[in-house]
Amino acid sequence: MQINWEALGQVFGVSLVVTVTLVGVFTLGIVGTSSRKPQEQPDGTVAAPAAPGAMMRTGAYACFALCAAAVGYGIYLIVS
């Protein structure tokens, strides 16, 4: 039995890059939908947190859709 080390390295490299990218995109989605903490002002008052804008929320949903598409494509590759 021989191991094709070059192919194994390629699979490892591609898997690592795709995993890190997918986690990064999912993290951007989480950050885009998260609410901000109230910030204390120097005079002791607390400012209301800024709500994420519509553009930021839309980008976050696009990140989640990209993650779902990547997972769906992975399942498609395994099943076929």
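1. Val 25 lies in helix H1, and this note on a predicted model takes that residue as its point of entry. Val 25 is buried, with a relative accessible area of 16%. When its neighbours within four places in sequence are left aside, the residues in contact with Val 25 are Cys 63, Leu 66 and Cys 67. The C-alpha atom of Val 25 is also separated by 7.7 Å from that of Phe 64, a residue 39 places away along the chain.

2. The overall arrangement may be set out next. The protein has 2 helices and 2 strands, and from the N terminus on these elements run α-β-β-α. Of contacts between residues at least 6 apart in sequence, 59% join residues at least 24 apart. The pair Val 25 and Phe 64, 39 residues apart along the chain, illustrates separation in sequence of that kind, although the value given for it is a C-alpha separation of 7.7 Å.

3. The buried residues of H1 are Val 25, Gly 29 and Gly 32. An α-helix has 3.6 residues a turn, so residues three or four places apart point the same way. What covers the buried residues of H1 includes H2.

4. Helix H2 covers residues 54–79 and has 26 residues. From its first C-alpha to its last, H2 reaches 37 Å, close to the 38 Å expected at 1.5 Å a residue. Its buried residues are Ala 60, Cys 63 and Cys 67, and they pack against H1. Two of these, Cys 63 and Cys 67, are among the contacts of Val 25.

5. Cys 63 is buried at a relative accessible area of 16%, and Cys 67 counts as buried at 9% relative accessibility.

6. Gly 59 lies in helix H2 and counts as partly exposed at 33% relative accessibility. The C-alpha atoms of Gly 59 and Thr 33, 26 residues apart along the chain, are separated by 9.2 Å. Ala 70 is also found in helix H2; this residue is partly exposed, with a relative accessible area of 36%. Between the C-alpha atoms of Ala 70 and Leu 22, which are 48 residues apart along the chain, the separation is 7.9 Å.

7. How much of the protein is buried? Buried residues make up 9% of the 80 residues. The accessible surface comes to about 6600 Å², and 71% of it belongs to carbon and sulfur atoms. The buried residues of the helices include Val 25 in H1 and Cys 67 in H2.

8. Met 1 lies in the segment before helix H1, which covers residues 5–33. Met 1 is exposed, with a relative accessible area of 98%. Together with Ile 3, Trp 5 and Leu 8, Met 1 makes a nonpolar surface patch of about 570 Å².

Methods:
Residues are numbered from 1 along each chain as its sequence is written. This is a predicted model: local features need pLDDT of at least 70, side-chain atom pairs count only at pLDDT 80 or more; totals for chains, interfaces and linings use all residues. Side-chain values use heavy atoms; hydrogens and water are left out. Patches are made of residues with over 30% relative accessible area and no salt bridge: like charges are joined within 9 Å, nonpolar side chains (Val, Leu, Ile, Met, Phe, Trp, Tyr) within 5 Å. Accessible areas come from the Shrake-Rupley method with a 1.4 Å probe; for residues, only the protein chains shown count as cover. A salt bridge is a side-chain nitrogen of Lys or Arg within 4 Å of a carboxyl oxygen of Asp or Glu. Helices (H or I, at least four residues) and strands (E, at least two) are DSSP runs, numbered from the N terminus. Buried means under 20% relative accessible area, exposed over 50%, partly exposed in between (1.4 Å probe, protein chains only). Contact means heavy atoms within 4.5 Å. The expected span of a helix is 1.5 Å times one less than its number of residues.
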